Amino acid sequence: MGPKRQMTKPALILTRPAPACTAFAASLPDALLSRVRVVISPLLQIRPTAVPVDLGGIGGVIFTSANGVAHGPKGGTLPAYCVGEATAQAAAAKGWQVAFHAPDAAHLLPMIKAHRAATPLLHLRGTHQRGDIAERLTQAGLPTRAVVLYDQQALPLTRDAQAALADGPSIVPLFSPRTAAQFADQACETRRATIIALSPAVAEALDRTVVQQILIAPEPTATSLRFTLETAVDWNRLA
């Protein structure tokens with residue numbers, strides 16, 4: 001038998017759609033990147049539905065992801081209400097008049113109600129969405145309808161990701177309950193994985209999956225998750 005292969009660095013397994021994986025890795029400081037081996041294994045791919053969007057008579061739009069912005073029409077004079085700073089930045093870059101943004105839908109909805117937004121509103125979204133924003137706003141007296149602009153199709157963990165999980169310690173940021181459940185279902189070996197979850201709901205979706213450690217970002221944002229990765233990971237556990 002040959003010598004056992006030594007993994008000198010823990011794997012940082014990134015599971016967002018490929019462009020977001022690349023952007024997240026590029027946002028990390030060099031000092032952190034030098035300590036890990038980046039493994040990109042998207043669990044979702046984004047497919048546009050090519051559904052036309054009619055903005056005639058609309059009072060404003062709601063974006064809950066940058067993908068909604070990317071697959072939606074260009075902005076104009078209509079206000080946009082956004083979940084997440086990155087979504088708001090993408091909307092502004094595409095010409096939308098961003099009224100305000102909130103870290104998640106639970107905070108955004110009362111802000112829209114208090115703002116007394118002009119209606120009807122249009123929620124430009126993907127196929128899979130936690131909480132029916134359009135229905136909840138409509139029930140609150142703000143008529144809103146949803147248009148599905150893209151589908152989030154599931155992808156399997158790559159062989160490289162499975163091998164990294166089996167070979168040694170790894171760090172796995174997870175950004176949604178759906179991808180967390182998918183990861184838990186697909187990963188062959190998780191006992192040496194440190195999970196960084198975007199929110200408690202993401203952590204809960206792992207159910208009874210046995211992992212080395214679960215960290216939860218203080219706020220449900222990519223910036224907060226990145227901060228947790230940079231400051232809260234117990235590197236001694238990953239040796």
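I take helices (H or I, at least four residues) and strands (E, at least two) as DSSP runs, numbered from the N terminus. By that assignment Ala-180 lies in helix H8.

Ground rules next. I am working on a predicted model, where local features need pLDDT of at least 70 and side-chain atom pairs count only at pLDDT 80 or more, while totals for chains, interfaces and linings use all residues. I number residues from 1 along each chain as its sequence is written, and side-chain values use heavy atoms, with hydrogens and water left out.

**Whole chain**

I find ten helices and eleven strands in the chain. The C-alpha trace spans about 70 × 35 × 30 Å along its principal axes.

I call a residue buried under 20% relative accessible area, exposed over 50% and partly exposed in between (1.4 Å probe, protein chains only). Buried residues are 44% of the 239 in the chain. I count a contact when heavy atoms are within 4.5 Å. Of the contacts between residues at least 6 apart in sequence, 59% join residues at least 24 apart.

**Helix H8**

I listed the buried residues of helix H8 (residues 177–186): Pro-177, Thr-179, Ala-180, Gln-182 and Phe-183. An α-helix has 3.6 residues a turn, so residues three or four places apart point the same way. The cover over the buried residues of H8 includes strand E3 (44–48), strand E8 (144–154), helix H7 (159–167), strand E9 (170–174), strand E10 (193–197) and helix H9 (200–204).

I then checked Ala-180, which is buried with a relative accessible area of 0%. Leaving aside neighbours within four places in sequence, I find Ala-180 in contact with Leu-174, Val-202, Ala-205 and Leu-206.

**Ser-65**

I place Ser-65 in the loop between strand E4 (60–63) and helix H3 (66–70). Ser-65 is buried, at a relative accessible area of 16%. Not counting residues up to four places away in sequence, Ser-65 touches Thr-87 and Tyr-150. I note a polar contact (a pair of N or O atoms within 3.5 Å; within protein, one must be able to donate a hydrogen and the other to accept it, and residues adjacent in sequence count only if both atoms are side-chain atoms). This one joins the side chains of Ser-65 and Tyr-150 at 2.6 Å.
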